[in-house]
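Please view the sequence and the structure alongside the text.

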Amino acid sequence: MVGGLGGFILPLAFGALNDLTGVWTSCFVLLFVLVSIALVWMHFAVRQMERSAQRRGEAALVPELPEMQGFGEPGVEAPPRRAGPIADWRPEDEDFWRSRGKAIARRNLGISTYCLMLSFAVWMVWSVVVARLPAIGFDFTTDQLFWLAALPGLSGATLRIFYAFLVPIFGGRLWTTLSTASLLIPAFGIGYAVQSPDTPYLIFLVLALLCGLGGGNFASSMANISYFFPKAEKGNALALNAGLGNLGVSVMQFLVPVVVTMGLFGALGGQAQVASDGTQLWMQNAGFVWVPFVMLGAIAAWFGMNDILSAKSSFADQSAIFGRLHTWLMCWLYTGTFGTFIGMSAGFPLLAKLVFPDVNALKYAFVGPLLGAISRAATGWVSDRYGGARVSFWVFVVQIVAIVGMIWFLDARSFPGFFSMVLLLFIASGVGNASTFQMVPGIMRREIDRTEPALPEPQRRAQAERESAAVIGFTSAIAAYGAFYIPKAYGSSIQMTGAADTALWGFLVFYLSCAALTWFAYSGPRGVLRDLERKPALRSAAAVPA
């Protein structure tokens, strides 16, 4: 009887969706969502049934359905699976690492990096879409367009705060699967919303916020991978995960302008929109193109990743980082590096289009994120060799030079000069992304030794590892607000003064504060890391994430 109500409710829902979006195929998206919820609900309901039966000692009473073979019923022995929980994980044991651990860790790293790249692509897709909306009939103001470019950064950064602590609670395999699958929501939503100029601005605001689901994934991905590798390889692994994941921004900014010029999905993808210059555009492909890749990533995560049971911990166990001053200092510094990278990725395409209207800046927008991602992935060894604090100080000096150059060339109306300074800023921020993360484990080890001297050495080491992973995730959350404040600062500056100079001067003051903080707190004569970074033997023994 209840199921039969679907024949009454669904037609009403279909009509409401069609009226709201103006795109009749959005009805199929509703069906997709309902079926997905039912599938996930059924899976967990069956698993709960099995666990309840085992606790009661009645495992033999579990229905022996063919599709449930291997889930614990009597007489069926489950073959060993590649994916799933791992109780015995000893990456610092060389024999274990060579014989078993390395292959598992690299498989998890590969899948995680692929999913993270998709997350960055979906997170930043508005940076390209908003620049095209006026041409296909959307009558949005400049400030409204910058809000759409900025909101994914706001929601993504906020979600990172929570995502940073969820891997030890839920497990990396389950959380990576769910967080990757969640990217389907904004991918489908954008694909349908851009097809009609009558789509309300509120719908675009909601979709921009939902793109933040991709931004939150970075914190959980980095925290998860940090558990798989030994100290000697952890820096390189995190640099690859983050650096190649950041490539998603560049891939998106290169791919989307190409796919929107063709009917990629035929009749299934909807009709083309006619731009103001008479060309045909399929803007829906900016969202739809990611759907098959996201599905593949979610499937790969579930069937190919593992949970390390020893990494399980509650939020209370990780919350000690909020009482440590260095947590908040590193949030400030990482905002200066990663906040710059992700904020410039989100704001540069629209800024360049407004400030240099005669230049097709979208053709070059992908170059900056590409160089930033490569410099992050390729320069982790620099911080390992010379020290993260020293490298970070010089990174901020270079960023100061770059921002002064941007102001100079912007006033001179020189796009080549302005763009070269933007590229320098991207490269420096990529190096800084690696060097600031490199500082965290050394800082936390010193902090734990100082505040918990009574703990045995193994417990202090474990506590430092746990808090380092939490700090890495949390600082990445705070820094991700750069994807909001940089585009919004550009928009507000242009709206109030007619130019972007005010925003750039504000960034200059911020970078000066970052350089001063790094010098006085970490790399200078009285810095926490000065002695550690000038003792190569100790530094190599404390190999840390990049």
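## Overall chain

A residue counts as buried when its relative accessible area is under 20%, as exposed when it is over 50%, and as partly exposed in between, with a 1.4 Å probe and protein chains only. By that criterion, 55% of the 546 residues of the protein chain are buried. The model is a predicted one, in which local features need pLDDT of at least 70 and side-chain atom pairs count only at pLDDT 80 or more, while totals for chains, interfaces and linings use all residues. Residues are numbered from 1 along each chain as its sequence is written, and side-chain values use heavy atoms, with hydrogens and water left out.

The protein chain holds 24 helices and four strands, these being DSSP runs (H or I of at least four residues for helices, E of at least two for strands) numbered from the N terminus. Contact here means heavy atoms within 4.5 Å; among contacts between residues at least 6 apart in sequence, 80% join residues at least 24 apart. The accessible surface, from the Shrake-Rupley method with a 1.4 Å probe, comes to about 23300 Å², and carbon and sulfur atoms account for 68% of that area.

## Helices H5 and H20

Two packed helices are described by the angle between their axes and the distance between the axes. For helix H5 (residues 142-163) and helix H20 (residues 457-479), the axes come within 7 Å and cross at roughly 165°, where axes are lines fitted to C-alpha atoms over the stretch in contact and angles run from 0 to 180 degrees between N-to-C directions. H5 is therefore roughly antiparallel to H20, a term used for angles over 145 degrees.

On the H5 side, the contact is made by Ala-157, Arg-160 and Ile-161, and on the H20 side by Gly-473, Phe-474, Ser-476, Ala-477 and Ile-478.

## Two buried residues

Thr-177 is found in helix H7 (residues 172-181) and is buried, with a relative accessible area of 12%. Leaving aside neighbours within four places in sequence, Thr-177 is in contact with Ala-298, Ala-301 and Trp-302.

Ile-494, in helix H21 (residues 482-497), is also buried, with a relative accessible area of 19%. Beyond its neighbours within four places in sequence, Ile-494 contacts Phe-146, Leu-351, Leu-354, Ala-499 and Ala-500.

Definitions and conventions:
Parallel < 35°, antiparallel > 145°, perpendicular 65-115°, else oblique.
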